[in-house]
Amino acid sequence: MSWGTELWDQFDNLEKHTQWGIDVLEKYIKFVKERTEIELSYAKQLRNLSKKYQPKKNSKEEEEYRYTSTRAFLATLNEMNDYAGQHEVISENMTSLIIGELTRYVQELKQERKSHFHDGRKAQQHIETCWKQLEASKRRFERDCKEADRAQQYFEKMDADINVTKADVEKARQQAQLRHQMAEDSKAEYSSTLQKFNSEQHDHYYTHIPNIFQKIQEMEERRIVRIGESMKTFADVDRQVIPIIGKCLDEITKAAESVDHKNDSQMVIEAFKSGFEPPGDVDFEDFTQPMKRTVSESSLSNSRGDGKYEPKFGGKSKGKLWPFIKKNKGAGPEDFSNLPPEQRRKKLQQKVDELNKDIQKEMDQRDALTKMKDVYIKNPQMGDAASVDHRLSELEQNIEKLRLEVQKFEGWLADVEGRLPARTEQARRQSGLYEAQNTSAVNSCAQDRESSPDGSYTEEQSQETEMKVPATDFDDEFDDEEPLPTIGTCKALYTFEGQNEGTISVAEGEMLYVIEEDKGDGWTRIRRNEDEEGYVPTSYVEVYLDKNAKDVYKSLQKISE
């Protein structure tokens with residue numbers, strides 16, 4: 001099967017076919033190039049997606065990633081980043097192994113094709129030239145033969161005419177002989193040219209053209225093999241990253257299997273446990289006996305009367321919410337006394353650990369400088385030993401300050417750990433009284449929340465077993481408060497019966513004004529009208545904050561602080 005023998009007369013069709021083959025190759029290169037662009041775009045989108053959901057540093061969101069479920073999600077984000085990297089590898093390998101190689105090959109193929117068809121045209125031109133020479137020789141031979149015949153006829157005519165002179169007859173005879181000789185010469189030339197043409201034609205169709213067409217056939221077959229190999233490489237490039245992608249997916253599965261609901265539940269306890277004991281039973285107050293009524297220290301709610309809460313926010317008392325708890329304006333105290341005992345203990349322990357790490361860093365620097373000083377003493381040419389004394393002195397002072405800080409926080413920590421109440425049966429049966437050193441104003445908060453709406457606590461000690469509301473201590477603070485501005489609106493999703501001091505009852509679907517957003521304790525402060533405002537659970541309302549009003553509100557808060 002050879003193009004040279006089978007397609008000897010299809011020069012033009014072969015030229016078109018080989019050009020079509022190059023076009024197919026360039027089309028495949030374009031296809032692979034677009035595939036690499038898609039892979040790069042996909043990888044970029046995956047990386048952006050992973051980055052978008054990464055926790056921000058030093059934010060509350062970062063703290064949430066201590067749970068096993070969120071850590072698994074973070075691992076998934078990291079693996080997706082690696083997954084995107086494999087698609088970049090696919091793009092890079094296809095670019096270098098397919099696009100780059102085929103682009104160079106196409107250039108070489110075009111040059112080779114051009115050379116072969118140039119040789120083919122040259123051979124065709126040569127055979128056409130030989131054919132033209134043959135035709136010219138043939139026409140000359142034909143012409144000379146006719147001229148010789150005419151000269152012979154003229155001679156015979158002159159020879160037969162008795163009126164013609166002998167000289168004219170001789171002249172005609174010589175002319176006839178000359179023409180006959182020219183015809184013979186033309187015949188010999190035509191015969192030679194014909195023989196030469198037949199030889200050239202045989203070489204053309206049985207040697208030159210077959211050789212050229214064979215080279216073109218081999219060139220075309222190499223092109224076909226090359227595009228087939230490129231298609232195989234196309235699949236191999238994908239196949240090479242499958243194991244790594246599989247590992248990424250395995251890691252995601254492993255992260256998912258590491259999710260531990262029990263551990264997360266325990267971490268929620270550790271994060272939000274206050275350390276307080278639940279209140280005991282409320283003492284019976286016998287109103288049949290003439291006695292002075294006192295407010296029970298253990299009561300977490302006001303006397304409910306008929307069981308329905310009546311909000312009282314008239315006149316100056318409008319701002320009197322959570323009367324037993326002072327608002328925590330600005331930064332909290334250094335000893336974290338505004339926090340519940342358990343949370344305070346954790347914060348103090350965390351502070352002690354941080355200070356110990358700082359001490360270790362300072363000590364490492366001091367040890368390094370001490371070694372440097374020893375080297376300078378032994379080898380004065382390397383440096384002046386006295387040059388590090390000032391820095392060593394600073395480090396010693398820093399270490400001493402940090403140690404004093406540690407002692408201070410350890411003292412507070414020991415005090416808190418000694419004051420944490422033990423959950424005894426006797427404590428459960430008490431009427432909600434804590435030990436004297438743990439008595440806190442939190443006892444007057446709503447029964448269904450552990451902290452006040454602004455998240456503050458007090459740990460002021462009380463030696464009394466009964467606690468009366470000191471109106472002068474707190475009333476003045478709240479009486480002087482200006483009414484808070486409206487920062488948005490909200491819609492009640494459920495009905496809420498506000499039966500505790502500071503709360504407000506709302507009906508499902510009711511629209512109200514927001515005057516203070518949730519500070520992390522799960523409560524939002526709202527206003528119904530000028531005389532009614534209070535706290536409701538944040539989960540019970542859908543809040544629509546006004547950004548401009550919110551900014552003004554924050555500015556006013558800063559000014560007031």
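## Two helices side by side

In this predicted model, helix H4 (residues 68–160) and helix H5 (residues 166–257) have axes that come within 7 Å and cross at roughly 175 degrees. Because angles over 145 degrees count as roughly antiparallel, H4 is roughly antiparallel to H5. Sorted by class, the contact of H4 with H5 has 46 nonpolar, 19 polar and 23 charged residues.

## Aromatic pairs and a charge over a ring

The structure holds 12 aromatic pairs, and one of them joins Tyr28 and Phe31 in a tilted arrangement, with 5.9 Å centre to centre and 40 degrees between the planes. Tyr28 and Phe31 are three residues apart in helix H2 (residues 11–52), which means that about one helical turn separates them. Tyr28 is buried, at a relative accessible area of 10%, whereas Phe31 counts as partly exposed at 43%.

Phe31 also forms a tilted aromatic pair with Phe234, 5.6 Å centre to centre and with 35 degrees between the planes. Since Phe31 lies in helix H2 and Phe234 in helix H5, this pair ties together parts that are 203 residues apart in sequence; Phe234 is buried, with a relative accessible area of 17%. Elsewhere, the charged end of Arg226 sits over the ring of Tyr105, 4.6 Å from its centre, and Tyr494, Phe496, Trp523 and Tyr540 form one aromatic cluster.

## The open sheet

Five strands form an open sheet with antiparallel pairing, in the order E4-E3-E2-E1-E5. Its edge strands, E4 (532–537) and E5 (541–545), each pair on one side only, and the twist averages 40 degrees from one strand to the next. Strand E3 (residues 523–529) pairs with E4 in the antiparallel sense over six bridges, and Ile526 has Gly534 in E4 as its bridge partner.

Conventions. Residues are numbered from 1 along each chain as its sequence is written. This is a predicted model: local features need pLDDT of at least 70, side-chain atom pairs count only at pLDDT 80 or more; totals for chains, interfaces and linings use all residues. Side-chain values use heavy atoms; hydrogens and water are left out. Two strands pair if DSSP finds at least two bridges between them. Helices (H or I, at least four residues) and strands (E, at least two) are DSSP runs, numbered from the N terminus. Axes are lines fitted to C-alpha atoms, for helices over the stretch in contact, and angles run from 0 to 180 degrees between N-to-C directions. Angles under 35 degrees count as roughly parallel, over 145 as roughly antiparallel, 65 to 115 as roughly perpendicular and the rest as oblique. Ala, Val, Leu, Ile, Met, Phe, Trp, Tyr, Cys and Pro count as nonpolar, Asp, Glu, Lys and Arg as charged, and the others, Gly among them, as polar. Rings of Phe, Tyr and Trp (its six-membered ring) pair if their centres lie within 6.5 Å; planes under 30 degrees apart count as stacked, over 60 as edge-to-face and the rest as tilted. Buried means under 20% relative accessible area, exposed over 50%, partly exposed in between (1.4 Å probe, protein chains only). A charge sits over a ring if NZ of Lys or CZ of Arg is within 6 Å of the ring centre and within 35 degrees of the ring normal.
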